[in-house]
Amino acid sequence: MPDFPWDSLAAARARAARHPGGLVDLSIGTPVDDTPAVLTQALAAAGNAPGYPTALGTTELRTAAAGWLRRRLGVEIADPLGADPSLVPTVGSKELVALLPTLLGLRTGTLVLPEVAYPTYEVGAVLAGLAVRRSDVPPPDAAGVVLVWLNSPGNPHGRVLSDDRLREWVAWGRAHGVPVVADECYITLGWDVEPRSLLHPAIAGEDHTGLLAVHSLSKQSTAAGYRAGLLSGDPALVRPVWEVRRHLGLLVPGPVQAAMTAALDDDAHVDAQRARYRDRRDRLSAAVRAAGLRIDHSEAGLYLWATRDEDCWTTIDRLAGLGIVAAPGSFYGPAGSRHVRLALTATDERIAAAVERLTA
Ligand SMILES: Cc1ncc(COP(=O)(O)O)c(C=O)c1O
């Protein structure tokens, strides 16, 4: 396994904690606002759950998920209730990201992931025994490549892939028979641009051959504790994943499926949370710039990708002196070593404290 790097932040965290105004932890993107009532009530109402749930998900959940994909992302799932599943719920998206190569039966070859990336793509490759290659563009040489991960909007840098770049990957994957999978867990959080799904007809064309998309309710519905995600796309890929998930017992609990159904049918709570993050982003980004950092990308998603054109650990140390903990960009690949990632997932009160210190 790759190192679990968070322990290396202990010294910065200890330094930041000595700030008289207390620590502002912007290092981890875990939501802090209350889970909306539309989810908590649906979860409680479904609390009597003596029987096993199914890996496929309830009819209600698959209907709501297909409706959400159509309404919010313009994605038409071929036959969400058909015998050949084109959509399954997942226990949050992290397990799916980590297990997908294994669930697809990939045992040799190379997994392509973004230059600067969420570490779990690599974990999934290592678990399946695959090699890793980092690339933001379709590689000229496809030899040995068995799977491609895209992430748009991206963690840690908030970059959104253009329609042209997405189409290039689709064409490349189809030409070489390599599945292309887009992790779109931040897709409802576009700020300066509207992120497009890999499964949108303008990208995928008439069908989803060779393509998968991953979505998550953790951030958009402030429900990371529920573990609620979705996998959708080409039935020829979703079916084998679903079949192995049934054998493994990778089942989303029934009450969580009910909460997901209610959440996917409701746009109001997603829009309200989005407005909260927008406000925090506006305030924090102005303060980060005022403190002399440059913000790169960050046109979408839950993070500011900031740099002082110095080694990220120097920036981490400076921020720790202000009582602020950020994530070093080197956690996400060598190309991230001069950036830090600041999460928008802190309370309004803690964001205000960070703004005050950065602008003092
Ligand atoms: C890019 C990316 N993918 C997937 C996940 C996993 O999210 P979850 O398991 O909560 O759905 C995260 C979590 O931060 C992420 O940043």
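Begin by selecting the shell around the ligand, which by class has four nonpolar, eight polar and two charged residues; here Ala, Val, Leu, Ile, Met, Phe, Trp, Tyr, Cys and Pro count as nonpolar, Asp, Glu, Lys and Arg as charged, and the others, Gly among them, as polar. Of the 14 residues around the ligand, those that come nearest are Gly92, Ser93, Lys94, Ser216 and Ser218, where a residue is near a molecule if its C-beta atom, placed from the backbone, lies within 6 Å of it. Residues are numbered from 1 along each chain as its sequence is written. What you have open is a predicted model, in which local features need pLDDT of at least 70 and side-chain atom pairs count only at pLDDT 80 or more, while totals for chains, interfaces and linings use all residues.

Next, select strand 10, residues 303–307. Helices (H or I, at least four residues) and strands (E, at least two) are DSSP runs, numbered from the N terminus. Is strand 10 largely enclosed or open? Four of its five residues are buried, so strand 10 is largely enclosed by the rest of the structure; a residue is buried if 20 or more other C-beta atoms lie within 10 Å of its own, exposed if 12 or fewer, and partly exposed in between, with C-beta atoms placed from the backbone.

Strand 9 (residues 294–296) pairs with strand 10 in the antiparallel sense over three bridges, and Ile295 has Ala306 in strand 10 as its bridge partner. Strand 13 (residues 340–343) also pairs with strand 10 in the antiparallel sense, over four bridges, with Leu342 in strand 13 as the bridge partner of Leu304.

Stay with the hairpin that strand 9 and strand 10 form, which has six residues between the strands and includes His297 in the turn, with a positive phi of about 50°. In the loop between strand 9 and strand 10 you will also find Ser298, which has a positive phi of about 60° although it is not a glycine. Most residues other than glycine have a negative phi, and most peptide bonds are trans. Ser298 is buried, with 26 other C-beta atoms within 10 Å.

For a second example, select Thr222 in the loop between strand 7 (211–216) and strand 8, where phi is near 50°. Thr222 counts as buried because it has 23 C-beta neighbours inside 10 Å.

Then move to strand 5 (residues 145–151), which runs parallel to strand 6 and is joined to it by four bridges, with Val180 in strand 6 as the bridge partner of Val148. In strand 6 (residues 180–183), Val180 and Ala182 point one way and Val181 and Asp183 the other way, and all are buried.

Which peptide bond joins Ser152 and Pro153? The bond is cis, with omega about -5°, and Pro153 is found in the loop between strand 5 and helix 6 (163–176). Pro156 is found in that loop between strand 5 and helix 6 too, and the peptide bond from Asn155 to Pro156 is cis, with omega near 15°.

Finish on helix 3 (residues 59–73), whose buried residues include Leu61, Trp68 and Leu73.

Notes:
Pairing = 2+ DSSP bridges.
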